[in-house]
Amino acid sequence: MLNKKEFGLRLRETRKANGEQQQDLADFLEISTAQISDMENGKKTTTLEKLVLICEHYNVSSDYLLGLSDIK
């Protein structure tokens with residue numbers, strides 16, 4: 001089952017580990033920083049298409065971001 005909070009924590013951790021600000025990721029995904037904030041705070045998720053872009057951008061698996069695996 002999808003845990004929005006876990007997804008948000010892992011997204012934030014991954015973004016920061018790559019030295020990016022929320023604005024950087026928002027620009028890459030062509031969405032607002034408010035949407036990034038909502039995702040990182042576990043309020044919202046994203047589309048499948050954007051999840052794939054995030055995974056490719058940070059070179060992590062979707063299973064990791066979704067909390068299904070601890071292997072990045």
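The legends below describe close-up views of a predicted model.

**View 1. Helix α1 and its buried residues.**
Helix α1 covers residues 4-17, which is 14 residues. From the first C-alpha to the last, α1 reaches 20 Å, close to the 20 Å expected at 1.5 Å a residue. The buried residues of this helix are Phe-7, Gly-8, Arg-10, Leu-11, Thr-14 and Arg-15. An α-helix has 3.6 residues a turn, so residues three or four places apart point the same way. The cover over the buried residues of α1 includes α2, α3 (33-40), α4 and α5 (62-65).

**View 2. Thr-14 in helix α1.**
Thr-14 is found in helix α1. Its relative accessibility is 4%, so Thr-14 counts as buried. Apart from neighbours within four places in sequence, the residues in contact with Thr-14 are Tyr-58, Val-60, Tyr-64 and Leu-65.

**View 3. Packing of α2 against α4.**
Two packed helices are described by the angle between their axes and the distance between the axes. For helix α2 (residues 22-29) and helix α4 (residues 48-58), the angle is about 120° and the axes are 11 Å apart. The two helices are therefore oblique to each other. The crossing of α2 past α4 is right-handed. On the α2 side the contact is made by Leu-25, Phe-28 and Leu-29. On the α4 side the partners are Lys-50, Leu-53, Ile-54, His-57 and Tyr-58. Sorted by class, the residues of the contact of α2 with α4 are six nonpolar, one polar and one charged.

**View 4. Packing of α2 against α3.**
The axes of α2 and α3 come within 8 Å of each other and cross at roughly 110°. These two helices are therefore roughly perpendicular to each other. Here, too, α2 makes a right-handed crossing, in this case past α3. Helix α2 contributes Gln-22, Gln-23, Leu-25, Ala-26 and Leu-29 to the contact, and α3 contributes Thr-33, Ile-36, Ser-37 and Glu-40. The contact of α2 with α3 is made up of four nonpolar, four polar and one charged residues. Leu-25 and Leu-29 of α2 take part in this contact and also in the contact with α4.

**View 5. Glu-30 in the loop between α2 and α3.**
Most residues other than glycine have a negative phi, and most peptide bonds are trans. Glu-30 is not a glycine, yet its phi is positive, at about 60°. The residue lies in the loop between α2 and α3. With a relative accessible area of 72%, Glu-30 is exposed.

**View 6. Asn-59 in the loop between α4 and α5.**
Asn-59 also has a positive phi without being a glycine, with a value of about 55°. The loop that holds Asn-59 is the one between α4 and α5. Asn-59 is exposed, with a relative accessible area of 68%.

**View 7. Cys-55 in helix α4.**
Cys-55 is found in helix α4. Its relative accessibility is 11%, and Cys-55 therefore counts as buried, the cut-off being under 20%. Neighbours within four places in sequence aside, Cys-55 is in contact with Val-60, Ser-61, Ser-62 and Leu-65. Val-60 and Leu-65 are also in contact with Thr-14. Asp-70 lies 15 residues from Cys-55 along the chain, and the C-alpha atoms of the two are separated by 14 Å.

**View 8. Leu-66 in the segment after α5.**
Leu-66 has its place in the segment after α5. At 22% relative accessibility, Leu-66 counts as partly exposed. With neighbours within four places in sequence left aside, the contacts of Leu-66 are Leu-2, Phe-7 and Leu-51. Of these, Phe-7 is one of the buried residues of α1. Leu-66 and Gln-35 are 31 residues apart along the chain, and their C-alpha atoms are separated by 17 Å.

**View 9. Gly-67 in the segment after α5.**
Gly-67 is also placed in the segment after α5. Its relative accessibility of 35% makes Gly-67 partly exposed. Arg-10 is among the buried residues of α1. Gly-67 and Gly-8 are 59 residues apart in sequence, and the distance between them in space is 9.8 Å, C-alpha to C-alpha.

Note on methods. Residues numbered from 1 in each chain as written. Predicted model: local features only at pLDDT ≥ 70, side-chain atom pairs only at ≥ 80, totals over all residues. Heavy atoms only, no water. Axes fitted to C-alpha atoms, helices over the stretch in contact; angles between N-to-C directions. Helix = DSSP H or I, 4+ residues; strand = E, 2+ residues; numbered from the N terminus. Parallel < 35°, antiparallel > 145°, perpendicular 65-115°, else oblique. Left-handed = near helix turned anticlockwise from the far one by under 90°. Contact = heavy atoms within 4.5 Å. Nonpolar A, V, L, I, M, F, W, Y, C, P; charged D, E, K, R; others polar. Expected span 1.5 Å × (residues − 1). Buried < 20%, exposed > 50% of the residue type's maximum accessible area, 1.4 Å probe, protein only.
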